[in-house]
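I wanted to look up the salt bridges in this structure. My notes follow, one entry per pair.

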Amino acid sequence: MFIPYVASKFGPHWGSRLSNAPHSAKGFICADRTDLAWAAFSAGKADVSSLGAHGYSSFLDALGQMCTVLSITEADPHFIVKSSLQLAQEKTELAYSSNKTGNAFAKLVSAQLFGVAWLIHTSLLSKKMGMTFWKQRSPDFVGLTTTGSWVIVEAKGTSGSYDQRTVTGGKEQTRSLRMINGSFPVLRAVTLSHYWGDTLVGAIEDPEHYDDDAIDLEFDVVAVIKQYYESLTPPYTRPETINLAGRSYSLYINAIPQYDLALPSVAAIEAEMVAGDAGWKTETEGFAIYPDGVALRPRTNDG
């Protein structure tokens, strides 16, 4: 399936998928149902402390974003369109589901177009992770690429058509950060998932520089990456140990709806840091392995 997008204000060094100066670039994000499940499952505000506080209920809440995105969309047959459930939703329900779709779209864009391995929600950058301070209107994500560079991404979503005011607000949020761990980000981007009729489409824009009062972030990257995986780990479940693409993985059978989940081991993360390969995804033994190392395998009806 494809998600059409329009990219604006990117420099020519980003290539033809993002830049067609002086015009906007047009292209497609590739995403089957498993890709969409991965993007929605791993792009939320999971709070590890709440997993300990509320146990399995908290994990179900973390899965809610994945179930929401999968339930409000369907294939038709080459594009992603609104499901009958989304068409029946009320305003408050649409606001929630649009936010989750926006996060998933940002995850797909970041992996396929920006080379991001880990798109880390800023809610994970708490004081216990070594962050010095934070501005109230912060962007949603910071992303670490497979080459060690940083990007800043603000994710927006709407159940309607393109909204310039929403994009403008997102641009202001990306400007609130200056440097990440001593380096300037190679990119600041606003992504917007919206609809053309009932078809899911997207917009991507490269905002201007940063504000004069923008802050610098300093945090322990290894600790945050470990917390990233902890937030995706099913509680109270004993995994199997398997080998995928030459790495050790913990396999959780029937842990999430419709999929088996495999997460790279802590040892593999510490040894390599980049748990996934450069590129979009790898498929092996029925699993799709994504740039962050997370692997999903669709279950059959009798699985």
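I start with a term: buried means under 20% relative accessible area, exposed means over 50%, and partly exposed lies in between. By that scale R297 is partly exposed, because its relative accessible area is 24%. The model I am reading is a predicted one.

**Entry: the count.** How many salt bridges does a search of the whole structure find? I noted 11.

**Entry: D260 and R297.** I looked up this pair and found a salt bridge between the side chains, at 3.1 Å from N to O. D260 sits in strand β14 (residues 259-264) and R297 in strand β17 (residues 295-298), so the pair ties together parts 37 residues apart in sequence. D260 is buried, with a relative accessible area of 6%.

**Entry: D260 and R299.** D260 also forms a salt bridge with R299, and here the closest N and O atoms are 3.9 Å apart. R299 lies in the segment after β17 and D260 in strand β14, so this pair ties together parts 39 residues apart in sequence. R299 is partly exposed, at 26% relative accessibility.

**Entry: R175 and D211.** I found these side chains meeting in a salt bridge of 2.7 Å, N to O. The pair links distant parts of the chain, 36 residues apart. R175 is in the loop between α6 (164-174) and β8 (177-180). D211 is in the loop between β10 (199-205) and β11 (215-217). Is D211 buried or exposed? I noted D211 as buried, at 18% relative accessible area. R175 is partly exposed, at 23%.

Conventions: Residues are numbered from 1 along each chain as its sequence is written. This is a predicted model: local features need pLDDT of at least 70, side-chain atom pairs count only at pLDDT 80 or more; totals for chains, interfaces and linings use all residues. Side-chain values use heavy atoms; hydrogens and water are left out. A salt bridge is a side-chain nitrogen of Lys or Arg within 4 Å of a carboxyl oxygen of Asp or Glu. Helices (H or I, at least four residues) and strands (E, at least two) are DSSP runs, numbered from the N terminus. Buried means under 20% relative accessible area, exposed over 50%, partly exposed in between (1.4 Å probe, protein chains only).
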